[in-house]
Amino acid sequence: MIGKGVVFTEKLKVAYQDVSIPDLQDDEVMIDVEHSWISNGTESSFLRGERTDGETPFRDGDPLPFPQVAGYQKVGTITSLGKGVQGFAVGDRVFATISKVNGMFYSTGGHVSPAVTHESQVWKLPAEAEPIAYSGLVLTQVGYSCGMCPPVKKGDYAVVIGDGMVGQWAAQTLMHRGAHVIVLGRHNNRLDLLPEGIRKVNTKVSSMKEALQDVRDTFSIIVDTVGSLATVTELISFAQYGCHLVSAGFLGEDGRIDIQMLRTKKVTLHCPSGWSQEDMDATLRGIAEGWLQTTSLVTHRFPTEQAKEAWDLLLDSKQAKLGVVLDWI
């Protein structure tokens, strides 16, 4: 079967093109995609040739992973079911992660339709749900997981590094759990999207030391969503003894951490990665309940035929953007 997909054909080259899709198997569903949400950091990193896998940086001598169908998250409607699939029906509106493709470096991808997907990677959306709100569910789950890793007592202080989508959802989760949350960012347009009650610091305007002076030795949670060990190290020196560090930013080959430095403050390190059934279920409930806010973070939408323009935007550091969604219908 031939479908359509967004393909990274080579380094910094994006095409919307025909894609070969395997036949449906007994434990799979077929989905007509409505929206797919771009993971700005991870997908752009693949496009720049910085990774060979989700957590593996490119090293000299490694094969560049092209061509590949980009992405890992979308929503749509089930059009066909394998004979062994239970719990779904044709016509169900669902979220799906990676789907099968032929002839690519990886045998799976995200931005592809129709999407042949294993039943374990499909979640039914709540009735009357606004589908676009769930189209970035894996990425939302990463932020949720960051916010759920550390223990939180009501009134604890937490500092989140990064005003991107993972930082936004980590901050929302920590606030929902009762923490006082401070987000360190570099973009006023993104910081302004944070819910009321979260303290915003533009580190281009004020230094961390100045901004955190009133909570020095008080905050007990640090969440790094950008991959900056220098910032983490500085923050640990300000943090409470016995604090928790959540590391979710991609560090490439700079991820070596000084265990002895962690020991000086008795730091507990958490390293969330990927997705799990339990966290995906909980994230879906958080969106349905309204305390995880997603659509407010969508700043740009493109018809999927204009996928190249979407990545032109993402790779242009001078243009403001946050959530970027591809519309398939």
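**Exercise 1. Describe the surroundings of E34, beginning with the polar contact between its side chain and that of T77.**

Solution. The side chains of E34 and T77 are joined by a polar contact of 3.3 Å; such a contact is a pair of N or O atoms within 3.5 Å, and within protein one atom must be able to donate a hydrogen and the other to accept it, while residues adjacent in sequence count only if both atoms are side-chain atoms. The model is predicted: local features need pLDDT of at least 70, side-chain atom pairs count only at pLDDT 80 or more, and totals for chains, interfaces and linings use all residues. Residues are numbered from 1 along each chain as its sequence is written, and side-chain values use heavy atoms, without hydrogens and water.

Next, locate the residue: E34 belongs to strand 3 (residues 28-37). Strands (E, at least two residues) and helices (H or I, at least four) are DSSP runs, numbered from the N terminus.

Then consider accessibility. E34 is buried because its relative accessible area is 8%, where buried means under 20%, exposed over 50% and partly exposed in between (1.4 Å probe, protein chains only).

Finally, list neighbours. Not counting residues up to four places away in sequence, E34 touches, among others, V75, T77, R93 and W328; contact means heavy atoms within 4.5 Å.

**Exercise 2. Determine whether F58 is buried or partly exposed, and where it lies.**

Solution. F58 is found in the loop between strand 5 (56-57) and strand 6 (68-69). Its relative accessibility is 24%, so F58 counts as partly exposed. Beyond residues up to four places away in sequence, F58 touches G49, E50, R51, T52, L64 and E253.

**Exercise 3. State the strand order of the six-stranded open sheet, and identify its edges.**

Solution. The order is 16-15-14-17-18-19, with parallel pairing; two strands pair if DSSP finds at least two bridges between them. Strand 16 (199-202) and strand 19 (268-270) each have a single partner strand, so one side of each lacks a neighbour in the sheet. From one strand to the next, the twist averages 20°; axes are lines fitted to C-alpha atoms, for helices over the stretch in contact, and angles run from 0 to 180 degrees between N-to-C directions.

Now examine one pair. Strand 14 (residues 157-161) and strand 17 (residues 221-224) run parallel and are joined by four bridges, with I161 opposite D224. Helix 6 (residues 229-238) packs on the sheet, and its direction makes about 165° with that of strand 14.
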